[in-house]
Amino acid sequence: MLGGAGLLFLASPAQAAEVSYKTECIPPAISGLDPVEGTTQVELTAPATAKVGDEVEVTWKFVQAASKNPDVLDLDANTVQPTGTLKAAGAQTGNISMTGPRENPAIPKNSAMKLSTMTGKVKLTAAGDVTLTPDAYNINVNKPISTDTKCSPKETVKPGATIKVTDGGGSSDGGATSGSKGGTTNSGGTTDSGGTTDSGGTTTSGTTGGSGGQTDFTGKEVSIPYACKTPIGDKNATSPVQINAKKDGGNYALTVQFKKSVMDSPADIPADSVKPSMEVKLGGADKGTVHVEGATNKEAIKSGDPIAIPDLTGTYKPGADGKSTLSPGVLIVEALGTTTTCTPTTNAVSLEIDTTAVEGGASGSGSGSAGGSASGSAAGGSAASGGLAETGASNDGALRALGLVAGTVILLGGAVFTFLPKRRAARR
């Protein structure tokens, strides 16, 4: 194919090589299980030669993943999706985002994970040898509930491929990191300024400054454990949460998103019966909280139908000059005449921005409501595909598939948290 104008340059000849490395896989926090270790074996395919300015495709084939599906749950076909990161070094450095399609055969209990081949593109910007080394990857399974397993190297990994790049007179704009190809990407899978890369290989924007006329600020996704007071007793739950902001004059319009927490409704839920709200916690230079809330469900939700996640929105009026942080705070959900209050058991900063105090701002207010709250969008929250991968290896510390406790689902911010039974006392 011809290069340029968004078309992939097909350099030749192609080369394929295998590389293996020890890997640690971190189960999702909701599982309560310990990390496990295994061996990842990857076959990388990339052009042997190319020119500066070429955009080339590289592929990551899983010969062996450091995981297996334990003897708890059969995984259905097309429920598993990998994403990962290749590290470029040598004449050109950077991270290359890799994504595979959600395509897999049915995976029986206690059998090896079958992960699709990931692909990505990189624009070559400098002459010389560019080495490609596999790094962290993430495994998503979207049934029975969306969760992630994050795997990262536990030793120095050898390069799996080398591209010899010659000076072809091409432009050198663009970096080593390029968008992935093949399959859907999860929310947070694109690169924004000021981003930090998580262990799963996806890049999300982290702390950001307010200089240079910037108006949009994208927070990083943080996993929040909650202690919940429910109508049926005390429960614990965990969900990924992200806080974004848009500057409007001296104020900031906040949007809080609950991610990867969608599941089918366990019962019929009438329209306008679920109302979530949160007190976003301020830190750093500023103090207090900001009230955000979401819209109620406009339509009735039938048992077995998916529950959409609404965004929680509100207005933040800064009360101090300097770097201020925003963290998910106390969550309150009113549903079907009951109230559930969930308090974070840890403070995790999702967003940091440079603020300038405005009249009536939040600093020192204690109760901290920073201006009027805005109504959340109706069932409009973004929901990224995710999943639980059963990671088992030499220590047989297999992640057990999430067991659903009948009747103990709690609506949190429009999402559904499922509480787990206690870990089995006996382990193989």
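Both C25 and C151 are buried, and in this predicted model the two cysteines form a disulfide with their sulfur atoms 2.2 Å apart. The partners sit in distant parts of the chain: C25 belongs to strand β1 (residues 14-26), C151 to strand β11 (residues 147-153), and 126 residues separate them. The torsion about their S-S bond is about 110 degrees, so this disulfide is right-handed.

What joins C228 to C342? A disulfide does, with an S to S distance of 2.1 Å. Because C228 lies in strand β17 (residues 222-230) and C342 in strand β24 (residues 338-344), the link ties together parts of the chain 114 residues apart in sequence. Its S-S torsion of 115 degrees makes the link of C228 and C342 right-handed. C228 is buried, and C342 is buried as well.

The count comes to two disulfides. With bonded cysteines counted along the chain, their pattern is 1-2, 3-4.

Now for the charged pairs. The chain has five salt bridges, and here are some of them:

| Pair | Closest N and O distance |
|---|---|
| K154 and E24 | 4.0 Å |
| D216 and K246 | 3.1 Å |

Take K154 and E24, which form a salt bridge. K154 lies in the loop between β11 and β12 (161-166), while E24 is in strand β1, so the pair ties together parts that are 130 residues apart in sequence. K154 is partly exposed, at a relative accessible area of 45%.

As for D216 and K246, they form a salt bridge. D216 lies in strand β16 (residues 216-218) and K246 in strand β18 (residues 233-248), so parts 30 residues apart in sequence are tied together. D216 is partly exposed at 43% relative accessibility, and K246 is partly exposed at 44%.

Stepping back to the whole chain, which elements does it have, helices or strands? It has zero helices and 27 strands. Of its 428 residues, 47% are buried. Among contacts between residues at least 6 apart in sequence, 73% join residues at least 24 apart. The chain exposes about 18,000 Å², with carbon and sulfur atoms supplying 50% of that area.

Definitions and conventions. Residues numbered from 1 in each chain as written. Predicted model: local features only at pLDDT ≥ 70, side-chain atom pairs only at ≥ 80, totals over all residues. Heavy atoms only, no water. Disulfide = S-S within 2.5 Å. Helix = DSSP H or I, 4+ residues; strand = E, 2+ residues; numbered from the N terminus. Buried < 20%, exposed > 50% of the residue type's maximum accessible area, 1.4 Å probe, protein only. Contact = heavy atoms within 4.5 Å. Areas by Shrake-Rupley, 256 points an atom, 1.4 Å probe, with all protein chains shown as cover. Salt bridge = Lys/Arg side-chain N within 4 Å of Asp/Glu carboxyl O.
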